[in-house]
Amino acid sequence: AGLCSWVINIVMFYRVYCDVEPKRLALQEAIETQQAAEAKLSVIRNKIAELDATLGELTAKYESAINAKLKCQQEAEATELTINLANRLVGGLTSENERWGVAVGQMKEQAKYMPGDCLLLCGFISYCGYFSRSYRHDDLLPSWRVYMDAQETAVPMTENLDVISLVTDEAIVAGWCNEDLPSDRVSAENATILSNCERWPLMVDPEFQGLKWIKKKYGEKLKIVRVGTKGYLETIERAVSNGDVVLIENLPESVDPVLDPLLGRNTIKKGKFIRIGDKEVDYHKDFKLILQTKLSNPHYQPELQAQCTLINFSVTVDGLEEQLLAEVVRAERPDLEELKAELTQQQNEFKITLKGLEDGLLARLSAAGGNFLGDTALVENLEQTKKTATTIEKKVAQAKITEKNINEAREHYR
């Protein structure tokens, strides 16, 4: 029984072995095939890794080259833009180069004589306002020059100095003329004195030329009062506190004593208050007082003359002649006189505009700082400014021809 069981088991083992052995051999072969494939796969993966690394390096080099190319293109474009702006800037400033060079030379020369010129200007503003033009320029100023030249240490002064040119220019005078100031030389000097004097200006103005100009100049901001009228002190008090401009018109020879502290600027409490009557009023630093009288030859107290700067706005012979000519032409040829007035105002506006454009251009150039060749807006503003200035200069030249023809036609009525 035991041998029989062994034989049976051996037979069963054989049968199982015959069935399993081929499978085991096939498994072994599959394992060997897999190992060979995995070895090949590893080699391929290593190769791919090497290729990926090489691709990364090439990609980085490519991107670096592209960035360098873009940077070079941007620098080239920026350089081209800078060159273009520089050419436009040089082209725009070429016409100004010579004039500005001459102006710089003149300013350097003027700096040598500035102390004497300023001394002469201060004397002119302080003391010449009441006198006629001939007395101002033929007597007072020459005598001052002789006196200063005779000092042990002579005060240098510019020869043939136009004193008002130190504080005014054509544009400022043109603006005054547009505000109804007569266009003669004396009126320009009077306006300069009034605009720059430290003491309160007192206009001797029998023909109301200065009064008309002041009212047009300050417009609605001007507070107009008359001494002795109801409530005039209250108006002055409010103006002193608010920093307004006050015009006291038709000032008599005898001035109300209550105004003495105001005329003398006798402030109290460290300049913060001033006494008007029995009141202490806040004194605003921007307050301005202008006095006007219609008396042709007033006799004021010495104290008032010391407290104010007298300015004689009486009409001159030349001014009266021009006004009479204007009235005659207005009656005979109203179209001609109207064209003359329009042309004069236009010329004044041109002067103001040109001065404003030049000042604006210099301000932008001085404020640019650093490398302003990259400031496209600055160069464009410069070009626009020059274009406008050129257009205005052409109009000015044409207007001068027209004005000459008008003046020739007006001379027939003189």
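**Salt bridges and a nonpolar patch**

Arginine 185 has a relative accessibility of 25% and therefore counts as partly exposed. Please bear in mind that the model is a predicted one.

Which residue does arginine 185 pair with in a salt bridge? The partner is aspartate 162, and the closest N and O atoms are 2.4 Å apart. This pair joins distant parts of the chain, 23 residues apart: arginine 185 belongs to helix H4 (residues 185-196), while aspartate 162 sits in the loop between helix H2 (133-149) and helix H3 (170-178). Aspartate 162, at 30% relative accessibility, is likewise partly exposed.

In one, lysine 279 meets glutamate 237, with 3.5 Å between the closest N and O atoms. Here strand E6 (residues 279-282), which holds lysine 279, is linked to helix H6 (residues 232-242), which holds glutamate 237, across 42 residues. Is glutamate 237 buried or exposed? Its relative accessibility is 13%, so glutamate 237 counts as buried, the limit being under 20%. Lysine 279, at 40%, is partly exposed.

In the other, glutamate 280 bonds with lysine 269 at 3.0 Å between the closest N and O atoms. Glutamate 280 is in strand E6, and lysine 269 lies in the loop between strand E4 (267-268) and strand E5 (273-276).

Finally, the surface patch. Leu3, Trp6, Val7, Ile10 and Val11 make a nonpolar patch of about 480 Å². Valine 11 lies in helix H1 (residues 2-127) and is partly exposed at 34%.

Definitions and conventions: Residues are numbered from 1 along each chain as its sequence is written. This is a predicted model: local features need pLDDT of at least 70, side-chain atom pairs count only at pLDDT 80 or more; totals for chains, interfaces and linings use all residues. Side-chain values use heavy atoms; hydrogens and water are left out. Patches are made of residues with over 30% relative accessible area and no salt bridge: like charges are joined within 9 Å, nonpolar side chains (Val, Leu, Ile, Met, Phe, Trp, Tyr) within 5 Å. Accessible areas come from the Shrake-Rupley method with a 1.4 Å probe; for residues, only the protein chains shown count as cover. A salt bridge is a side-chain nitrogen of Lys or Arg within 4 Å of a carboxyl oxygen of Asp or Glu. Helices (H or I, at least four residues) and strands (E, at least two) are DSSP runs, numbered from the N terminus. Buried means under 20% relative accessible area, exposed over 50%, partly exposed in between (1.4 Å probe, protein chains only).
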